[in-house]
Structure formats: C-alpha cells, structure tokens
Amino acid sequence: MTIRLSILDQSIINPGEHPSETLQNTVELAQLAEQLGYYRFWVAEHHNSDEIAGAAPEVLLGYIAAKTNTIKLASGGIMLQHYSPYKVAEQFHVLANLAPDRISLGVGKAPGGFQPATDALQKDFAKPVRTFDAKLAELVELISHKSPTAIAAKPLPATNPEIFLLGGSTASAKQAAELGISFVFAYFINGEESVLKEARETFDEYQINPKASFQLAPIVVVAETKIAADRHIPERESIKVELADGRRVNVGSREQAEAYVKDIDQTYQFITQRIGAITGTKQEVGTEIKRLSAEYNIQDFVILTPIKSTEIKRYSYQLLSESIKEEVVHG
C-alpha cells in the first residue's frame, strides 16, 4: 500500500513569540510541506488560548491557499457545536471555489476551549442548542447538495469539499461510516491500540461509502537518535473529562483538566488515556508507520509534531518525509 503523509499544525505559540509570528510559521510550514511532498496540510481550531494561535481555520486556510500551489488543505477541525452548519458550508464552498480540488472540511466534536469561550461563542444561540449529531448530518447534506430544504449553501463549487469527522472513539468511527464520510482517528489523544483496532473494524462494518477513508493521526517526532526525539514528548498521557450530562472533553494534561473543570457546574470524572506517539530515528519511525499501515489497512497518516522550536520541528518533518520517501505520494 502506498502511504500518504499529511501534517496537522496547531499553531502553537513558542516562548517569547507573538501570535502573528506563530501564524506566519504555520504558513511557512505549509509551504515546506508542499516542497517535501506531503499530501495535505491541516490547521486546528482552539479558543481563548495563550498557547495556541489557531482560532479560525476557515480564515487561515484561505491565506495558506493563496501562499501555496498544489498541496491539499483541511480544517482539523471546525468545532461544529459552536456554528451554523449552513454558514460552515458556505465558508468551505467559497474556499473550494478559490482553491479547486484542494479544500477538505474536517469537523470535531470538542469545544476547542474552556467553558468561558464556549459561552462566548454560543451566547446568541437558542437554548437548548441543537446536538452535534444533528448539525453534522445537516452539514453533510449541505456539502453534498442533498439538503431537503430549498436553500443551498452557495456558491456551489465544481468539486465538493471532502468531509472528515475527527475523533478518538469507536462511536465516532461508526458515526462517520454511517454518514458516508471519512474518519480521522485521533491517535495523538487516544493511543490505545485496542481502541484503534475496534474503531477500524467498526468503520469497515458500517461503511456506506467505499470512497470514504479511515485515517490515523499520531504524534510523530523524528531526530538523529531516539533519546533526542523522546525529549520533545515528556508527557505520554492525556486526560479526558467525563461530565455528568454525558459530554466527554479531551483536554490534554491534568493541569489543563483542573483548569477546565473550574468553570463546570456539574459532577465529573477524569479518565487517563495513553497518547499515540511515534518517536525515534527516521528508520525507527518509518518502520512503525509501515507496521500500522499494514496491520490496520491505513493509507493516510495525519502527523502532529508538537515541538516548540520551529527549526527542530521543520527538521523532524524533513526526516519523516525521508523515512518513507519512496512511498510518499505528492498532492
């Protein structure tokens, strides 16, 4: 199987860096990704964060599209719970008209920030807010031009943006399969391989669209030695907050979890998860990616490399592209 590598960049603000510099680094990383032959470049959405500058992927994608030529681009992802599906469809149809056959729409269930940011984003919504599932189903209809309503999300592009659901559970894999859309398993959040196996099998079982794909998003750091690579991933666990109302929110570290629940007015529990991180030399990392590809029939890998040094991050991506150079497909 031919392996395709893509990059997910969260626009992490380095110490002493202004957010404008961070966003420019993201643009330059997209340009480097295009030069190195990466297949797709994803940008994330986080709100009210002192650590992450990427708050509006639909805006950032338009700028990156103008600064690159061929690489495919995607949101990773739009936090749909905050928005009108119709407006999201309009935005991505505009992007798809500006950059034909290059734009994809990745959607996430998470809030992308703590409760104050969620309240600010949703304060004009009627309560109760529609469920994520209802919004996602409507978005799929609008993008595929199969909405039962008379209104269309114009301007309609010549090629529809591909839709991805991002998640780290079997339930999310099943939801994507039943909607006929592609799925990105967030291995960087839930690195339990038993869950990955179950999610992959579930996606295949319920899949209604043979063109929809199952993709894997691990943390990857490549360096000259494994010891050097491991230094960039000091934490190998993430925390999920499970709320009494059934919502589950992945927040990263325990410190972030403690900060998140300060604004929550219901009972909760913390669930510890092992992250899916692949670290080492380019030979070691290449071997592991090929193993996962073969074992779980995965062609596409969406790579997150949370290194704070811009230059070291770029070098890691260069080494990664070399690790399976003969198998990387250009976009």
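Start by selecting A74 and S104: A74 stands opposite S104, which belongs to strand β5. Keep in mind that this is a predicted model.

**Stop 1: around strand β3**

Now select residues 72-75, which make up strand β3. Which way do the side chains point? K72 and A74 point one way, while L73 and S75 point the other way. All of them are buried. In a regular strand, side chains alternate between the two faces of the sheet.

Next, select strand β2, residues 40-43. β2 also runs parallel to β3, and four bridges join this pair. Pick V43 and look for its bridge partner in β3: that partner is S75.

Now bring in helix α2, residues 57-67. Trace from β2 through α2 to β3. Together they make a β-α-β unit. Is it right-handed or left-handed? The unit is right-handed.

**Stop 2: the second largest pocket**

Select N160, P161, E162, I163 and N209. Of the 29 residues that line the second largest pocket, these are the closest to its centre. The pocket has a volume of about 700 Å³.

Which elements give two or more residues to this lining? They are β5, α5 (132-143) and β6 (162-167). So you meet β5 again here. Select α5: this helix gives the most, with three residues.

Colour the lining by class.

**Stop 3: the largest cavity**

How many cavities of 30 Å³ or more are there? The count comes to one. About 130 Å³ of space lies in the largest cavity.

Select D9, N25, T26, T310 and K313 to find its middle. They are the closest to the centre among the 13 residues of the lining. Then show α1 (19-36) and α11 (310-323), the elements that give two or more residues to this lining. The largest share comes from α1, with four residues.

Colour this lining by class too. Here there are three nonpolar, six polar and four charged residues.

**Stop 4: the whole chain**

Zoom out and colour by domain. The domain assignment gives domain 1 as 4-229 + 276-326. Domain 2 is 237-274.

Finish with the distance between the domain centres, taken over C-alpha atoms: 22 Å separate them.

Notes:
Residues numbered from 1 in each chain as written. Predicted model: local features only at pLDDT ≥ 70, side-chain atom pairs only at ≥ 80, totals over all residues. Heavy atoms only, no water. 1 Å grid on protein atoms, 1.4 Å probe; cavity = no way out; pocket = protein on both sides within 12 Å on 5 of 7 lines; lining within 4 Å. Points joined across faces, edges and corners; volume = space filled by probe spheres on them. Nonpolar A, V, L, I, M, F, W, Y, C, P; charged D, E, K, R; others polar. Domains from an automatic or database assignment. Buried < 20%, exposed > 50% of the residue type's maximum accessible area, 1.4 Å probe, protein only. Pairing = 2+ DSSP bridges. Right-handed = clockwise from strand over helix to strand, strands pointing away.
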